[in-house]
Amino acid sequence: MPAALTRRGLLRSAGLGVAALTAACTGFTTSGAGGMVFLSTQFRPADEAERFRSLLGRTAPGVSYVTIEESPFAGQVRTQVDAGATKIGLLGGLHGDLAPLADDGYVEDLTGLLADLGARGWSADYLRLARAGTDRTWYIPWATASYLLAAHAEALAHLPSGADANALTYDQFLDWAIAARRANGNRPMLGLPAGPKGLLHRFVQGFLLPSFTGGQITTFRSPEAVTAWQYFRELWANCASSSTGYDFMQDALEGGEVRMAWDHVVRLAQAPAREPQDWRMLPAPRGPRGLGYMAVVTGLAVPKHSPDPGLAQRTISTLTDPSTQIELLRSNGFFPSIDTAIPDDLPPAARLEADALRRQQRAPDALLSLPPVGLGKREGEVSKVFQDSFRAIVLGGADIRATLDQQAGVLQGILDELRVPCWAPDPAADLCRVG
């Protein structure tokens, strides 16, 4: 399996790569290749950056790829545009990196470019995000990732009667975990990434709460949220106790410690490598409000006063071409943002995950959720609210209503200081209020 599909991809490295370290000190640094500067928060680890530079050199010569951390990214763009001396030609980042720049008028309107690119098959959800609450397009969706369920044949044998593995409800998911545990000598087969570097808080933010409540922040302490946390307690009782030590679920799955798990696609990629015929990748379950799922969406934007807007737009066209989108999947593990066929010669994980991601996104009751938007360095504080809620309610047995009320105060305090709008699936508002 290519190294790219076993790395974190869209997930941020805990440390700084060389380029990012320099960026943190001096603003940003080029790769030394010259040409129009393409400033991006993505592919910061040195090996990922070099693989992408190789792809860019083959497909868009004359473009110099530069990586930078999220916090100084926005500052560089704003400073250069405000000074009327923009040296950056093209921008790449997460929706949360680009949307605030669009809100404040720091990027060009790409509505015409989107029309010129034709029917490449972007989802309506992604195009809506790219409009940032307006009737114009401010970035072109570039690449994407999400989170899925992975299951081995040993676990699949215990699916509830009549349940469709590709269209599970949360009740069926719980029944499955219970049946698998009982069939396994009362040893749980389900694992969740609740380790120190695990992404279990994304399960709560983007999957569980939206599926039960329809929101993430505005429904944080609603009666439906209480029900969701009650459900999570029951599910956790059927999880492997070692889940509190799991950061990447592929390790536990590959080693046979658990036979079913939920995690980010990059953190599941190694599990099916040796015996792909015994594995399934499945969409997340659905709850009373629909199939809540979190998408990690990256985009390409052109800053105001770009030194070469023509080259920037041609580069966007190239990077969203179907063949280049597949090259990016091969090299760096990012899935296409457009509707394009996945070749049969890709590694098993990529093929399995691509099918499940498509099913998840296209479900008739799909409810798109995003990681927090516009929080900058304080995103970790918001994630901690969900992590602390899990530790108190699920691990500690604390009263659910009292815990949610207490954590809601912490969350609202952060949002009040930042004065930011809510993000999907919560409705857009000038100021985000915890409900």
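Visitor: How many helices and strands are there in the protein chain?
Guide: Helices, of at least four residues, and strands, of at least two, are DSSP runs numbered from the N terminus. The model considered here is a predicted one. Counted in this way, the protein chain holds twelve strands, and its helices number 16.

Visitor: What radius of gyration does the protein chain have, and why does it agree with a compact globule?
Guide: The chain has 435 residues, and for that number a compact globule would have a radius of gyration near 22 Å. The value for the protein chain agrees with this expectation. Along the principal axes, its C-alpha atoms fill a box of roughly 65 × 50 × 40 Å. The radius of gyration asked for is 21 Å.

Visitor: What percentage of contacts in the protein chain between residues at least 6 apart in sequence join residues at least 24 apart?
Guide: A contact requires heavy atoms within 4.5 Å. Taking the contacts between residues at least 6 apart in sequence, one asks which of them join residues at least 24 apart. That share is 77%.

Visitor: Is threonine 324 buried or exposed?
Guide: Threonine 324 belongs to helix α13, which spans residues 322-332. A residue counts as buried under 20% relative accessible area and as exposed over 50%. Since the relative accessibility of threonine 324 is 5%, this residue is buried.

Visitor: Which residue's backbone oxygen does the side chain of threonine 324 reach?
Guide: Leaving aside neighbours within four places in sequence, threonine 324 is in contact with Leu55, Thr59, Thr318 and Leu319. A polar contact is a pair of N or O atoms within 3.5 Å. At 2.8 Å, the side chain of threonine 324 reaches the backbone oxygen of threonine 318.

Visitor: Why is arginine 286 buried, and what is its relative accessible area?
Guide: Arginine 286 is located in the loop that lies between β8 (279-282) and β9 (291-294). The cut-off for a buried residue is under 20% relative accessible area. Arginine 286 is therefore buried, with a relative accessible area of 17%.

Visitor: With the side chain of which residue does the side chain of arginine 286 make a polar contact?
Guide: Residues up to four places away in sequence are not counted here; beyond them, arginine 286 touches Ala167, Leu168, Thr169, Tyr170, Leu291, Ala363 and Asp365. The polar contact in question joins two side chains at 2.7 Å. The partner of arginine 286 in this contact is aspartate 365.

Note on methods. Residues numbered from 1 in each chain as written. Predicted model: local features only at pLDDT ≥ 70, side-chain atom pairs only at ≥ 80, totals over all residues. Heavy atoms only, no water. Rg over C-alpha atoms; globule rule 2.2 N^0.38 Å. Buried < 20%, exposed > 50% of the residue type's maximum accessible area, 1.4 Å probe, protein only. Polar contact = N/O pair within 3.5 Å; in protein donor to acceptor, adjacent residues only side chain to side chain.
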